[in-house]
Amino acid sequence: MVTGYLSVISKGSAAFVLMTVLMKAFGTCALVEAWNVGLFWIIIASITIANLFAIRQKNLKRFMAFSAISQAGYLILGVMDGTAQGMTSLVFYTWPPTSAPSL
């Protein structure tokens, strides 16, 4: 239970920090397109490659590890949006797993 909680918290906080830094540093200038293209390719690679490797696993822990990597790609989708709706999607995506262990 603690492992799952720490896994979600670390990914969620990294996504929030990434979104904050990118929006504060590049939010209103022409570099938004540049980091959007970079994030797009990182998302595609993270989701696709991690899921392909996860399918091949026989060990459940390795399967879950690769699944967590692909989930990070889905989290970064909210960062790539760069709007209030993107931040809301980050909160919506990370809130249930972080509150579940406390129930």
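Residues count as partly exposed when their relative accessible area falls between the buried limit of under 20% and the exposed limit of over 50%, and the views below come from a predicted model.

**View 1. Aromatic pairs of the model.** The pairing rule, which asks for ring centres within 6.5 Å, gives a count of 2 aromatic pairs. In one of them, the rings of F40 and W41 have centres 5.1 Å apart and planes at 75°, so this pair is edge-to-face. The rings of F53 and F66 have centres 5.6 Å apart, and because their planes stand at 20°, the pair is stacked.

**View 2. A nonpolar patch on the surface.** V37, F40, W41 and I44 make up a nonpolar surface patch, and together these residues have about 390 Å² of accessible area. V37 is placed in helix α2, which covers residues 31-55, and its relative accessible area of 47% makes V37 partly exposed. F40 is also partly exposed, with a relative accessible area of 35%, whereas W41, with a relative accessible area of 55%, is exposed.

How values were computed: Residues are numbered from 1 along each chain as its sequence is written. This is a predicted model: local features need pLDDT of at least 70, side-chain atom pairs count only at pLDDT 80 or more; totals for chains, interfaces and linings use all residues. Side-chain values use heavy atoms; hydrogens and water are left out. Patches are made of residues with over 30% relative accessible area and no salt bridge: like charges are joined within 9 Å, nonpolar side chains (Val, Leu, Ile, Met, Phe, Trp, Tyr) within 5 Å. Accessible areas come from the Shrake-Rupley method with a 1.4 Å probe; for residues, only the protein chains shown count as cover. A salt bridge is a side-chain nitrogen of Lys or Arg within 4 Å of a carboxyl oxygen of Asp or Glu. Helices (H or I, at least four residues) and strands (E, at least two) are DSSP runs, numbered from the N terminus. Buried means under 20% relative accessible area, exposed over 50%, partly exposed in between (1.4 Å probe, protein chains only). Rings of Phe, Tyr and Trp (its six-membered ring) pair if their centres lie within 6.5 Å; planes under 30 degrees apart count as stacked, over 60 as edge-to-face and the rest as tilted.
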